[in-house]
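Visitor: Please take me through one part of this model in close detail, with the cut-offs behind each term.

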Amino acid sequence: MSQREPEAKIFACSKSVYLAEKISEAYGIPLGKVSLSHYSDGEFQPSFEESIRGLRVFLICSTFPDSENLMELLLMIDAAKRASARHITAVMPYFGWARQDRKDKPRVPIGAKLIAKMLEAAGATRIMTMDLHADQIQGFFEKPVDHLFASTIFLPYVESLKLDNLTIASPDMGGSKRAYAYSKFLESDVVICYKQRKQANVIDTMELIGEVKGRNVILVDDMIDTGGTLAKAADLMIERGALSVRAICTHAILSGKAYERIEESKLSELIVTDSIPLKRESKKIRVVSCAPLFAEVMHMVQNNNSISGKFIM
């Protein structure tokens, strides 16, 4: 008699409930009950309010700052392990600390590797995430990693715009691979921005490699933080004769004066996912939900089906 695959339950960290509710609705099951107790000094303790013994547990948590998000996820993984969950999948639409994927100067940590080891030590048996800052972060794990691409939801939106003379652009050299993948699918030209920084989040100079005159440009990036790079790139492209400039960014960190920079820039539109909640609304920002994508892939994982069909690029 074959063993039946365990039932799945979905739970969320407190700051990712907004997204987990949409994922659980798309998945077709209610969001599981979990409580968070706080001590007077700020320490907290999560607790599952229903049995998860022998089940597959999906824990949804985007680990954007502050660090309490990550700590809550680690504690929930440990609690699920000690509650005898059979499989524990950490669903991290946004994988925080991913920018620290290497030593770029002496005496600094490799934060992404540290986070990977902490997740495994806590008891995660599988990781599911989207648009890592660097693909090779998957190699930091000894457990299976489902690395999803937001292109699955962005490309249909781009096609719906029906833009003529389309050009895909990368805001920096590091994103050129992503830009070329989009351009290959859309059969468009590619432009690369070459920038030099004096320090983190501060751009010194920027130049374009390629022609944008008379083109409708779409900048593609994995995240937008302060918005300085995209705003400067958009303004430069309009100066060089671009008809319009839009930007696609998976993770809307939008810190500091990012909203002001976006609204004052020549960007026509910024398209992001809801992997991170917006701090406020903006007439230039359009949110495309990643919940249906995660729900569908979670179904595939639960039923041991291949997820390769979900990778458009």
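Guide: Helices (H or I, at least four residues) and strands (E, at least two) are DSSP runs, numbered from the N terminus. The model is a predicted one, in which local features need pLDDT of at least 70 and side-chain atom pairs count only at pLDDT 80 or more, while totals for chains, interfaces and linings use all residues. Residues are numbered from 1 along each chain as its sequence is written, and side-chain values use heavy atoms, with hydrogens and water left out.

The part to look at is helix 4, which spans residues 151-161. Just after helix 4, Lys162 adopts a positive phi of about 50 degrees. Within helix 4, Ser151, Thr152, Ile153, Phe154, Leu155, Tyr157 and Val158 are buried, a term that means under 20% relative accessible area with a 1.4 Å probe and protein chains only.

Helix 4 packs against helix 5 (residues 176-186) at an angle of about 50 degrees, the two axes being 12 Å apart; axes are lines fitted to C-alpha atoms over the stretch in contact, and angles run from 0 to 180 degrees between N-to-C directions. That angle makes helix 4 oblique to helix 5, since angles under 35 degrees count as roughly parallel, over 145 as roughly antiparallel, 65 to 115 as roughly perpendicular and the rest as oblique.

In contact, meaning heavy atoms within 4.5 Å, Ser151, Phe154, Leu155, Val158 and Glu159 of helix 4 meet Tyr182, Phe185 and Leu186 of helix 5.

Methods: Buried < 20%, exposed > 50% of the residue type's maximum accessible area, 1.4 Å probe, protein only.
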